[in-house]
Amino acid sequence: MNTYDVIVLGGGAAGLMCASEAATRGRKVLVLEQSKKPAPKILVSGGGRCNFTNIYAKPSNYISSNPAFVHNALSLFKPKNFIALVKERRIAYHEKKDGQLFCDTSAKEIIELLVDKTEASGAKLLLNQKIEKVIHAEGLFTVQVGGENYIAPHLVVATGGLSWPQLGASDLGLKLAEQFELKIITPAPALAGLNFPPREQERFKDLAGIHLRVGVSCGDWKMEEDIMITHTGLSGPVILNASLVWEPGREIVINWVPENTVEQTFEQLRRDKAAGGRGKFRIWFSEKIPKRLAERIAWNAEARGPWAELSDERLLALAKDIHAYRFVPKDTFGYRMAEVMKGGVDTREFSDKTMECKKVPGLFFIGEVLDVTGQLGGFNFQWAWASGWVSGQAI
């Protein structure tokens, strides 16, 4: 009774997609989920409304040490394919911005869609299952759970990453990768805020809650989007996306008024000074960004007092702080505040066409546990659907 064609470890987005597709194709499938309820991360995603895909999802929206790996899965299961499932279920949804699709009411509708699809296909879903051990011998995988042994020739690891530990995230997938001697790209929190070092903590104190659209760069990476100042650092979409490429010791550069350059602003400051420094720039600057932030940036750059009395050196320092404010974050907000994990099991260990491990036949890894991480905005769910669908079709 405990013998199956496929055992899926993880009843989240990728695992349920894989299970339903494999079972629809006639496979006997068992899904083992450690939580008391399926897909706990879906429930809290998108503020409880689940940003379930992005209609513009493409390979360039993902980071990986092996970028080409995502092409096949994303081309085979596209956003329109999941949208069709949502429409078939008559789930009301809307586009928030930039192709981001959200449920109108609750993320529960996406979970119910996946669970019903999985069970209707004939797959069996068991909850509150703590995996104790996985044994591989003679082409079969034996999963030990609470005194039971479940056996199958195919094992799918869809255990997710280390983000959201308060929802039960675990390192099971990474441990299994180590057990099967698969290479791991060092994991780190991603789509997370960045903490201020001591100097910036002091400079930006009392400004928590201020948000505006800015330009942010980190090395060759750059983006314009909203930023938010918090009590301990910076957050908002542009910073969450910056965390995908940021590593300890790297510098973040902020352009508080991205429509201008350092050179343009410096010349405007000098013209104001030549005209007697009547404060026209102060007015312009305060109109561009929140006044409290504008005053703090000017104060930090020591641009204090009448413009006419400020040296060109001070004016240039102010222009640089406006358009190229540089600092090295202390660290990220950590896994508790991270939407996803970046890094993970090296995709070079797997076939991009099937998600099957090259050196362990019958072993599949899908979803967040792999070294594939999408930008903010529904891209990570699209990877879960696509990698789950591809593996379900291949088994």
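Axes here are lines fitted to C-alpha atoms, for helices over the stretch in contact, and angles run from 0 to 180 degrees between N-to-C directions. Helices (H or I, at least four residues) and strands (E, at least two) are DSSP runs, numbered from the N terminus.

This is a predicted model: local features need pLDDT of at least 70, side-chain atom pairs count only at pLDDT 80 or more, and totals for chains, interfaces and linings use all residues. Residues are numbered from 1 along each chain as its sequence is written, and side-chain values use heavy atoms, leaving out hydrogens and water.

**The sheet**

Two strands pair if DSSP finds at least two bridges between them.

Zoom in on β2, residues 29-32. It pairs with β7 in the parallel sense over 3 bridges. Pick Leu-30: its bridge partner in β7 is Lys-124.

**Two helices side by side**

Select α1 (residues 13-24) and α13 (residues 379-394). They pack at an angle of about 30°, with axes 7 Å apart. The two are therefore roughly parallel to each other (angles under 35 degrees count as such). Show side chains: residues of α1 including Met-17 and Cys-18 meet residues of α13, among them Phe-381 and Trp-385.

**Two loops**

Next, click Ala-39, in the loop between β2 and α2 (40-44). Its phi is near 50°, a positive value in a residue other than glycine. Then click Arg-90, in the loop between α4 (79-88) and β5 (93-95). Arg-90 also has a positive phi, of about 60°. Which one is buried and which exposed? Ala-39 is buried, at 2% relative accessibility, whereas Arg-90 is exposed, with a relative accessible area of 77%. Buried means under 20% relative accessible area, exposed over 50%, and partly exposed in between (1.4 Å probe, protein chains only).

**Cysteines**

Finish with Cys-103, buried at 0% relative accessibility. The closest cysteine sulfur, in Cys-50, is 5.4 Å from its own, too far for a bond. The whole structure has 0 disulfides (pairs of cysteine sulfur atoms within 2.5 Å).

Definitions and conventions:
Angles under 35 degrees count as roughly parallel, over 145 as roughly antiparallel, 65 to 115 as roughly perpendicular and the rest as oblique. Contact means heavy atoms within 4.5 Å.
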